[in-house]
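The tour below goes from one selection to the next.

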Amino acid sequence: QVQLVESGGGLVQVGGSLRLSCTASRRTLSTYIMGWFRQAPGKEREFVAARAWSNNSTVYGDSVKGRFTISRDNTKNTVYLQMNSLKPEDTAGYYCATGKNIRALVVGNGIDYWGQGTQVTVSS
């Protein structure tokens with residue numbers, strides 16, 4: 001089993017920045033993908049970003065392209081989500097997730113583990 005621990009959420013003003021962290025207890029498969037989803041109350045879950053652990057392949061949701069950046073630190077089993085130019089519509093719970101196939105994960109399929117979530121609130 002893999003446990004995912006997220007941190008870094010908080011309250012920021014419009015245009016501000018936050019960096020979220022997701023640390024895995026271990027990486028059992030080198031082919032695993034780590035990514036981020038978000039969900040606001042009353043709205044459907046939305047894909048944010050994903051990165052392959054074994055290489056530099058990345059995918060971003062259309063709503064965050066150019067503003068968010070996903071990165072990794074292999075020595076710490078940690079994936080980061082740098083969020084810049086934050087907007088009120090970015091307000092949501094952000095969840096780290098793992099999967100085996102990046103093309104499946106970006107549409108919410110084949111997810112093996114979820115983190116507990118961290119709240120991001122962007123004030124107008």
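Select Arg38 and Glu46. In this predicted model, the two form a salt bridge, with the closest N and O atoms 2.9 Å apart. Are they buried or exposed? Arg38 has a relative accessible area of 5%, under the 20% cut-off, so Arg38 is buried. Glu46 has 29%, so Glu46 counts as partly exposed.

For Asp90 the relative accessible area is 0%.

Arg67 is in the loop between strand 6 (58-60) and strand 7, and Asp90 is in the loop between strand 8 and strand 9, so the pair ties together parts 23 residues apart in sequence. Arg67 is buried too, at 11% relative accessible area. With all of these selected, you have a network of salt bridges that links Arg38, Glu46, Arg67 and Asp90. Side chains of opposite charge can pair when their charged atoms come close. How many salt bridges does a search of the whole structure find? Five.

Next, the cysteines. Select Cys22 and Cys96. They form a disulfide, with sulfur atoms 2.1 Å apart. The torsion about the S-S bond is about -80 degrees, so the disulfide is left-handed. Cys22 lies in strand 3 and Cys96 in strand 9, so color those strands; the pair links distant parts of the chain, 74 residues apart. Cys22 is buried at 0% relative accessibility. Cys96 is also buried, with a relative accessible area of 0%. A search of the whole structure finds one disulfide.

Four strands form an open sheet in the order 1-3-8-7, with antiparallel pairing. Strand 1 (4-7) and strand 7 (68-73) stand at the edges; each has a single partner strand, so one side of each has no neighbour in the sheet. From one strand to the next, the twist averages 15 degrees. Zoom in on strand 7 and strand 8 (residues 78-83): they pair in the antiparallel sense over six bridges. Within that pairing, find Phe68; its bridge partner in strand 8 is Met83.

The largest nonpolar core has 26 residues. Which residues have the most contacts inside it? They are Met34, Trp36, Val48, Phe68, Leu81, Met83 and Tyr94. Strand 3 gives the most to this core, with four residues.

Among the residues it touches are Glu6, Leu20, Trp36, Val48, Phe68, Leu81, Met83 and Val120.

Last stop: Arg26. It is placed in the loop between strand 3 (18-24) and strand 4 (33-39). Beyond its sequence neighbours up to four places away, Arg26 touches Gln1, Val2 and Asn77.

How values were computed: Residues are numbered from 1 along each chain as its sequence is written. This is a predicted model: local features need pLDDT of at least 70, side-chain atom pairs count only at pLDDT 80 or more; totals for chains, interfaces and linings use all residues. Side-chain values use heavy atoms; hydrogens and water are left out. Helices (H or I, at least four residues) and strands (E, at least two) are DSSP runs, numbered from the N terminus. Contact means heavy atoms within 4.5 Å. Two strands pair if DSSP finds at least two bridges between them. Axes are lines fitted to C-alpha atoms, for helices over the stretch in contact, and angles run from 0 to 180 degrees between N-to-C directions. A nonpolar core is a set of buried Ala, Val, Leu, Ile, Met, Phe, Trp, Tyr and Cys residues joined through side-chain atoms within 4.5 Å. Buried means under 20% relative accessible area, exposed over 50%, partly exposed in between (1.4 Å probe, protein chains only). A disulfide is a pair of cysteine sulfur atoms within 2.5 Å. A salt bridge is a side-chain nitrogen of Lys or Arg within 4 Å of a carboxyl oxygen of Asp or Glu.
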